[in-house]
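Colleague: Could you walk me through reading strands, helices and exposure in a model like this one?

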Amino acid sequence: MKLASLNDQTRDGLFVVVSRDLKRYTPAGTVAGSVQAALDDWARAEPELRDLSTRLDIGQIKGEPFDEALCLSPLPRAYQWADGSAYVNHVELVRQARGAEMPETFWTDPLMYQGGSDSFLPPHAPIALADDAWGIDFEAEIAIVTDDVPMGVSREAAAGHIKLLMLVNDVSLRNLIPGELAKGFGFFQAKPSSAFSPVAITPDELGDDWTGGTIARALMVEYNGEAFGKARCDTDMTFDMPRLIAHAAKTRPLGAGCVIGSGTVSNKLDGGPGKTIAEGGVGYSCIAERRTVETIVEGAPKTPFMTFGDRVRIEMKDDDGGSIFGAISQTVTQYDPAE
C-alpha cells in the first residue's frame, strides 16, 4: 500500500491512502490521525489501511484525484532522522574531494549522523537558502521507516522492523561541511531540511524488487531537465538497510517512526570512479561525486554546485515507466525571512 500526507495547513497533514498508480486517494482518518499515529499502533492500523488500499485499487472506493504536488513529506516531522553510509564508494569519493583520508574501518562499520527531523520539506517545495555560496548539493537516497526497534537488535531481526520505504533528497551545504567537521562534533548547519517522496510504500509494493535489504531498481536523478544519475540501489551497497538499523540501535531503542537513510546511492564503474550518463556510465546521485571524478580525471572540478533557480528531480520508476513513489521535484530559491 501507499501512504501520503496532504497539505491541509496542519502540521502533520491529511493522512491518506493512495492508489497503486498514484491517481486517486482516500482519507485514512478513520484508521489513524497521521502516518506517525499509524506507526505508533501498526499492528492494529496496518490491516485496516491495507483494506482501504485494496478497496481503492479495485474501485470499491471511488477516491479523489491525487496530486503529488499537494503532498507534504509522508512524515512531515519525525522523532528521529538518521542518515547512514550504505554506499561507501560515495564516502570515499567525497572525502577524497576535501583531502580527508578514509579509515579502513569505514568498510566494516557504518557511518551515521543524526539530522534535523522537525521540519522536513514537502517533496515539491523549494529549497530556500540564504546564500548559494554555501555549496548547495542534492543527495538522492532511499530511506526506511521502522516500528519500535529494541536496543541491540540483530541485522536479521532488524529486517522485520522495516514498515515503510521512501525516497529522500538529503540536501547538503558542501562548503560548510569542512569547517563543521574540523570542530570534531559533526554536521549541523551543513545539513538543512531534507525532503521525502510524496508517498511512502510498504515493501510488498515492490514485489521481488524488494530484496529484504534494499531496492533492486535504479534511482533516477534529473538536474535542470537533463539526466544526471541512474545508479542502482542494489549495486555497490556495502551495508544494507537492516544493517543500518542494527547499527543505529546498538546502544538505544528506536521509536516507531524512526527514519533511516541509505546515504547517497553510488555505483562504481569497472572498479573505479563512475562516468556521466552521456559517457556510458550511470552518472551520479549528487554533484559532489561528479566534481570529485572530474578532479581525478581532468585535474579540477567543472560542475558547479547549485545556485538559485537550479532544479533537481528524484524518482524511481517501474518497468512500465510508472512512478513508484512520486517525484521529489525542487528548485533552489533565495530565502526571504519576510515570507
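Modeller: Let's start with a pair facing each other: R24 stands opposite P65 in β4. This is a predicted model, where local features need pLDDT of at least 70, side-chain atom pairs count only at pLDDT 80 or more, and totals for chains, interfaces and linings use all residues. Residues are numbered from 1 along each chain as its sequence is written, and side-chain values use heavy atoms, leaving out hydrogens and water.

Colleague: In which sense do β3 and strand β4 pair, and over how many bridges?

Modeller: Two strands count as paired if DSSP finds at least two bridges between them. Helices (H or I, at least four residues) and strands (E, at least two) are DSSP runs, numbered from the N terminus. Here β3 and β4 (residues 64–65) pair in the antiparallel sense over two bridges.

Colleague: And how many bridges join strand β2 to strand β3?

Modeller: Three bridges join β2 (residues 14–18) to β3 (residues 24–27), and the two run antiparallel. V18 has Y25 as its bridge partner in β3. The two strands form a hairpin with five residues between them, and L22 in the turn has a positive phi of about 60°.

Colleague: Is G99 buried or exposed?

Modeller: Buried means under 20% relative accessible area, exposed over 50%, and partly exposed in between (1.4 Å probe, protein chains only). G99 has 69% relative accessibility, so this residue counts as exposed. G99 is found in the loop between α3 (88–97) and β7 (112–114).

Colleague: Which residues of α7 are buried?

Modeller: They are I287, A288, E289, T292, V293 and E294. Just after α7, G299 takes a positive phi of about 95°.
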